[in-house]
Amino acid sequence: MGKKRQKTKRRAAAVRRRTVILGIFVAAAALLVIIVINSLLRRTVEKYDPDIIIDGVSIGDTDVSGMTAEEAKTAVTEDAGQISGGLIVFTLEDGREARATLKELGMTVKDLEELTEQAADYGKKGSLVECYKILKASEKGGQKNYPVQYQITEESAGEVLAARMNSILEEPENAAIIQKDGTAVIQEDVPGEALNLEKTVAAVNDLLDSGWDKKGGQVQAVLEEAQADIAAEDLEDITDVLGTYSTSYTGSSEGRSKNIESGAAHMNGILLQPGEEISASELTAPYTEENGYAPAPSYAGNEVVESMGGGICQVTTTLYNALLYAELEITERCEHSMMVSYVDPSRDAAVAEGVKDLKFKNNLENPVYIGAEAGNGTITFYIYGKEYRPSGRTVEYESEILETIEPENTTYVAVAEKIGTMYTESEGTAGHTAQLWKVVTENGEEISREAVNYSYYLATDRVVAVGTASEDAEEAVQMEEAVNTQNEETITAAINRITEKRSQKESGGIQDGEDADGSGGTEEETDETG
């Protein structure tokens, strides 16, 4: 009985061994099959360039088959550009409109980098079986499309939207201090309109996401209230006139008058906080037609020339004197190259963009407000603030000429009058050195006198007109050349030669084509041959 049990155990053990061996064999065979299949799949996948998008793949409406990710990005961008001419009309509730194309608004394809990477990886990354299926489907004409979503951003659209919308929006109006019946009166501020960029951009993107026909569309712009930079409450305590000054521009040309009035408008309504410095040139420039200026006479060295913005210096000069009476700190002031007629010497303040400037600082404890008026030939500046000086104290400014410099040179200019004409067109003007004094009195008694500035003004040359007109072109050229030498003896000699030659012609002593010596040569040839 015991032997039979042992025999049965041995048989069972043998069966188990055979089963294990068979299991191992089957597993090994299965593994081998898997390895072989994977190897075949891998070889199929690896036949495709990992950097090249397989056939049948598109991003939006763009077929990107056979492209790299970078090439696909370029192609999709170019195709998006084809539809970016669509016009977006931004409307307001009252019917006002502004327009901009999607290209101007910076329309792009959202997440394009990610889309092109996915397209390049399609059929190349993931499980080998899935990749194999995709690649085989591609070989048989299978298609794969990655939908696109178009978008604009606040960064891409902000500048264009601001420019287009600002032209139709109501700007806020600052509070102002104005003169009414000789009294300073505060004019209330008025709120305006401003574009809510974030919400307006979102409205455009909603349009692009909602079955957009790729032709354009209409969007209601979202507005918000815009507050004025200067509120009435900002001006409540600064209505005292600290300093004022006026000059006349009666008799100025139309262009010069326009420049003075435009310059005054640019400098009107400035609120200057304690310690703040400001530049008159920055407030008034650039001197262009678009900024309200016209050509008019101005100084260039010791000459008067036509330039854009001529006359703007009368604006800054008038302001300079008002600032002096307000006793604000002048940090930069330049005199003109020559004296001006509308203020005494050393009371002027010239500006020239990038060269000369008038700069000043609010050195007081409270804000100051600058008001300007120009019209009917008079420009006036008011410096408003909170009066800080004791009653009975006055300040005045005295101009003193230190030296007079008489003109030393003569400039000869050609005029379209007959040869032989010479006359003084201008006697020139003297140059000067000058100084400005600040005189302070209290209760009528002078308590201080100090020098404010020192100025040097150029003398202008005496100007002599010389006629150069003649029916004989050669005579006209000779006179032009003589005038260009700026030498009186040379000019006189040329006039004498031409006059003598004419006299000889009239008396029959010289034939056409000959010089006075009968040589027939030119003056220059005669000189060269001695």
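In β19, K361 is the bridge partner of E329. Strand β19 (residues 359–361) runs antiparallel to β18, and three bridges join the two. The model is predicted: local features need pLDDT of at least 70, side-chain atom pairs count only at pLDDT 80 or more, and totals for chains, interfaces and linings use all residues. Residues are numbered from 1 along each chain as its sequence is written, and side-chain values use heavy atoms, with hydrogens and water left out. Strands (E, at least two residues) and helices (H or I, at least four) are DSSP runs, numbered from the N terminus.

The pairing extends to an open sheet of three strands. Its order is β15-β19-β18, with antiparallel pairing; strands pair if DSSP finds at least two bridges between them. β15 (277–279) and β18 (329–332) are the edge strands, each pairing on one side only.

Helix α6 was examined next. Its 13 residues (197–209) should span 18 Å at 1.5 Å a residue, and the end C-alpha atoms are 18 Å apart, which agrees. The expected span is 1.5 Å times one less than the number of residues. T200, V201, V204, N205, L207 and L208 are the buried residues of α6. Seen down the axis, these buried residues fall within an arc of 155 degrees, so they line one face of the helix. The arc is that of the directions from the helix axis to the C-beta atoms. On the other side of α6, E198 and K199 are exposed. Buried means under 20% relative accessible area and exposed over 50%, with partly exposed in between (1.4 Å probe, protein chains only).

Just after α6, G211 takes a positive phi of about 65 degrees.
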